[in-house]
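Good morning, and thank you for coming.

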Amino acid sequence: MLSRRNLELSEQRVEGATLAGYAAVYNEQSRELVEGGRAFTERIAPGAFGDSVRGDVKLYYNHDSSQPLARTTSGTLKLKSDRAGLAFEADLADTQLGRDVRELLKRGDLSGEMSFGFYVDEDSWNRTRTERLVKRARLVEISIVQDAAYPQTSSSLRSVRAAAIEAARARLDLFNARTRNV
């Protein structure tokens, strides 16, 4: 069964045509989910998406395959699994949909929340089956959405240069945080 999970992105800036951030954050609790009539919360294990991040993954608007925004096989969507989660960078086309998404982000009608669609290959549950850990999954798509299931991530729409600077800053902050805790 294809599962879809939404992420609420807390930071949003509109500049340029590159949408970047985290489509999934590892080891963070989701909001309550209901699937197959069962309510539960979920976490994604680090590296759970494995090699599927190198496959044919698409970026959609609201999980709608008729509204594509970018794709890994065309080079307009780049994915990378790091210690924090599933990072992405997408070059939005100068199409009506691309312009609409940028404008909706600029106006605040879209807050930058992300979602991801995947197939679970391996998971584990607590004794009461109210908490699930997804250990291995096949990523199919990521989407910019209006409503999210995971509240822990950030994303912004910006120029490629700003994205590179922010990524370097984030890596430095992560390195500094880890060296302080050692």
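This is a predicted model: local features need pLDDT of at least 70, side-chain atom pairs count only at pLDDT 80 or more; totals for chains, interfaces and linings use all residues.

**A walk through the chain**

Asp 56 counts as partly exposed, because its relative accessibility is 31%; on this scale buried means under 20% relative accessible area, exposed means over 50%, and partly exposed lies in between, with a 1.4 Å probe and protein chains only. Asp 56 also forms a salt bridge with Lys 58, where the closest N and O atoms are 3.5 Å apart. By salt bridge I mean a side-chain nitrogen of Lys or Arg within 4 Å of a carboxyl oxygen of Asp or Glu.

Residues are numbered from 1 along each chain as its sequence is written, and side-chain values use heavy atoms, with hydrogens and water left out.

Let me now turn to the overall layout. The chain has two helices and twelve strands; these are DSSP runs numbered from the N terminus, with helices (H or I) of at least four residues and strands (E) of at least two. Read from the N terminus, the order of elements is β-β-β-β-β-β-β-β-α-β-β-β-β-α. Of the 182 residues, 40% count as buried. Contact here means heavy atoms within 4.5 Å. If we take the contacts between residues at least 6 apart in sequence, 70% of them join residues at least 24 apart.

Next, strand S5. Which strands pair with S5, and in which sense? Strand S5, residues 58-61, runs antiparallel to strand S6, residues 64-71, and four bridges join them. With strand S10, residues 131-144, S5 pairs in the parallel sense, again over four bridges. Two strands are said to pair if DSSP finds at least two bridges between them. Within these pairings, Tyr 60 has Pro 68 of S6 as its bridge partner, and Leu 59 has Ile 142 of S10.

S5 and S6 form a hairpin with two residues between them, and Asn 62 in the turn has a positive phi of about 55 degrees. His 63 has a positive phi of about 60 degrees, although it is not a glycine, and it lies in the loop between S5 and S6. Is His 63 buried or exposed? His 63 is buried, because its relative accessible area is 16%.

Another positive phi belongs to Asn 27, near 60 degrees. Asn 27 sits in the loop between strand S2 (18-25) and strand S3 (33-35). At 41% relative accessibility, Asn 27 is partly exposed.

We come now to the interior. Nonpolar side chains in soluble globular proteins tend to be buried together. The largest nonpolar core in this model has 31 residues, and those with the most contacts inside it are Phe 49, Leu 59, Leu 86 and Ile 142. Such a core is a set of buried Ala, Val, Leu, Ile, Met, Phe, Trp, Tyr and Cys residues joined through side-chain atoms within 4.5 Å. S10 gives the most to this core, with five residues. Leaving aside residues up to four places away in sequence, Phe 49 touches several others, including Ala 24, Leu 86, Phe 116 and Leu 139.

Thr 41, in strand S4 (residues 38-44), is also buried, at 18% relative accessibility. Its side chain makes a polar contact of 2.3 Å with the side chain of Gln 29. A polar contact is a pair of N or O atoms within 3.5 Å; within protein, one must be able to donate a hydrogen and the other to accept it, and residues adjacent in sequence count only if both atoms are side-chain atoms.

Finally, I return to charged pairs. How many salt bridges does a search of the whole structure find? The search finds eleven. Asp 51 and Arg 54 form one, with the closest N and O atoms 2.5 Å apart; Asp 51 is exposed at 57% relative accessibility, and Arg 54 is exposed with a relative accessible area of 64%. Asp 94 forms another with Arg 99, the closest N and O atoms being 2.9 Å apart. Here Asp 94 is exposed, at 61%, whereas Arg 99 is partly exposed, at 36%.
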